[in-house]
Amino acid sequence: MAHYRASESKREQFRRYLEKAGVLDSLTNVLVALYEEPDKPNNALDFLKHHLGVAGAEPGDAEALRLELTELQQKWDLLMEENKDLRNRLLQYEPAPEDGAAE
């Protein structure tokens, strides 16, 4: 009997945790939307994922984004190097400011 109460207490704690985190409300809303959907989707799990916002990027999209990120990082590195070179060239043509000189 004590084991039954301990597991029931853990269940109740977990239920309160889910309720406090808003999980129960979110699941209820998505399930109601699925219930009220006039044309039931073939894949109910995909419907739930989509409406919960956990579908995420497709694997192909993720790979394309990784490739774009790599290209942009390389471009940024080149631009930073070019900026450094141009600053150094500019310093050759401008006199260095002297300490205490008033402009």
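Student: Which backbone nitrogen does a side-chain oxygen of Asn43 reach at the start of helix 3?

Tutor: That oxygen of Asn43 comes to within 3.1 Å of the backbone nitrogen of Leu45, where helix 3 (residues 44–52) begins. Helices here are DSSP runs (H or I, at least four residues), numbered from the N terminus. The model is predicted: local features need pLDDT of at least 70 and side-chain atom pairs 80 or more, while totals for chains, interfaces and linings use all residues. Residues are numbered from 1 along each chain as its sequence is written, and side-chain values use heavy atoms, without hydrogens and water.

Student: How is the packing of helix 2 and helix 3 described?

Tutor: Two packed helices are described by the angle between their axes and the distance between the axes. Helix 2 (residues 23–36) packs against helix 3 at about 130°, with the axes 10 Å apart; the axes are lines fitted to C-alpha atoms over the stretch in contact, and angles run from 0 to 180 degrees between N-to-C directions. The two helices are therefore oblique, a class for angles that are not under 35 degrees (roughly parallel), over 145 (roughly antiparallel) or 65 to 115 (roughly perpendicular).

Student: Which residues of helix 3 make the contact?

Tutor: Ala44, Phe47, Leu48, His51 and Leu52 do so, contact meaning heavy atoms within 4.5 Å.

Definitions and conventions:
Polar contact = N/O pair within 3.5 Å; in protein donor to acceptor, adjacent residues only side chain to side chain.
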